[in-house]
Amino acid sequence: MMAEAGAAGRVEDGFAELERVLLDDPGGRGLADLVVPGDLAGASEILLRAESPAIVTGFFIPDAGAAETDGPPGALALGRAISVLGRQTTFVTDEACRPVLEKAGLVPLVVSDGSHEGWDADCLVAVERPGRAADGRYYSMRGRDLTPWTAPLDGWFLSPGPRWRTIAVGDGGNEIGMGKAPGGAERRAPTGQRIASIVPADRLVVAGVSNWGAWGLLAGVSLLAGRRLLPTEDEARADHEAVFAAGAVDGKSGRAAPTVDGLDWSVHAAVRARLDAVVRGVLGPAPT
Ligand code: MG
Ligand code: MG
């Protein structure tokens, strides 16, 4: 009895620590205000139980003509862990983001009209995917209208199928899921109110960079499952390199650089290591 209570307490403390790591806020976006308490644990539970998960990702940068580097590396890590759990992942994107995802090895289902004919899922996970604003249009963080390049895949989160559970990972306010955040992006002048996504999710994971949120979700599933599902440093680095090599661009600079949200690999590696340390603290050291 005591041992069980101790284990549950360790998992709970682990989730609190994971949230602290994810809230490293390199863009100074005031992320702490956007967190829904308990949602990282709730999202981890949904993903652990999902039989047929689908991951929706791809954020198009029109000036560069390619998807950004945030999102697909997280999706690669999620897909790998889901296959370790014995399930298959469907990756979904739209035409504009298709080339990067395909070349990065995600083999996406390409949907341009928001329909879900011919495929089904019991759990949808959005990772850095535009969510519509109150005016029904999609915006970049700088307020650029992305609607001409963005398929309405967020409609699935606005009115999910009866057996779909939804999870969303975001880092700015304009992504799918941020409609659930308390306060949304309203406080971020001058474009905040206009770009704020109204699209909710059952569970919202907020992180300084969306790829970190995907890792955080895997760290959370690791705590619940008692299995190590985070990518190793080598795997995570290979995921990033695959996405850069596929022609993705940094979402902040719009440049074809090996960075995500303006941050070098070393910053991402350090966050992954901190998440890993939390998992090891709860599960014990990795077997050698
Ligand atoms: Mg973002
Ligand atoms: Mg980002």
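## Terms and basis of the model

A residue is called buried when its relative accessible area is under 20%, exposed when this area is over 50%, and partly exposed in between, with a 1.4 Å probe and the protein chains only. This is a predicted model, in which local features need pLDDT of at least 70 and side-chain atom pairs count only at pLDDT 80 or more, whereas totals for chains, interfaces and linings use all residues. Residues are numbered from 1 along each chain as its sequence is written, chains are lettered from A and ligands numbered from 1 in the order in which they are written, and side-chain values use heavy atoms, with hydrogens and water left out.

## Metal site

The magnesium ion (ligand 1) is coordinated by Glu128 through OE, Asp171 through OD and Glu175 through OE, at 2.1 to 2.2 Å; donors are N, O and S atoms within 2.8 Å of the metal (3.2 Å for Na, K and Ca), and sites may look incomplete because water is not among the atoms. Along the chain, the donors of this magnesium ion (ligand 1) follow the spacing E-x42-D-x3-E.

Asp171 also bridges the magnesium ion (ligand 1) and the magnesium ion (ligand 2), which lie 3.6 Å apart. Both Asp171 and Glu175 are buried.

## Salt bridges

The structure holds 16 salt bridges, each being a side-chain nitrogen of Lys or Arg within 4 Å of a carboxyl oxygen of Asp or Glu. Arg20 pairs with Glu17, the closest N and O atoms being 2.7 Å apart, and both residues lie in helix 1 (residues 2-22), three residues apart, about one turn of the helix. Helices (H or I, at least four residues) and strands (E, at least two) are DSSP runs, numbered from the N terminus. Arg20 counts as exposed at 52% relative accessibility, while Glu17, at 30%, counts as partly exposed.

A salt bridge also joins Lys180 to Asp39, with the closest N and O atoms 2.7 Å apart. Lys180 lies in the loop between strand 7 (165-170) and helix 6 (192-195) and Asp39 in helix 2 (residues 39-49), so the pair ties together parts that are 141 residues apart in sequence. Lys180 is partly exposed at 28% relative accessibility, whereas Asp39 is buried at 2%. Asp39, Lys180 and Arg203 are linked in a network of salt bridges. The side chains of Arg80 and Asp239 meet in a further salt bridge at 2.5 Å, N to O, and this pair links distant parts of the chain, with Arg80 in helix 3 and Asp239 in helix 8 (residues 233-245), 159 residues apart.

## Pockets

A pocket is an open set of points, on a 1 Å grid over the protein atoms alone, where a 1.4 Å probe fits and protein lies on both sides within 12 Å along at least five of seven lines; lining residues have an atom within 4 Å of a point. The largest pocket holds about 490 Å³ of space, a volume being the space filled by probe spheres set on the points, which are joined across faces, edges and corners. Its lining has 21 residues, of which Ser140, Met141, Arg142, Gly251 and Lys252 lie nearest the centre.

The second largest pocket holds about 220 Å³ and is lined by 14 residues, with Arg228, Leu229, Leu230, Pro231 and Thr232 nearest its centre. Helix 3 (72-84) and helix 9 (265-283) each supply at least two residues of this lining, and the largest share, four residues, comes from helix 3.
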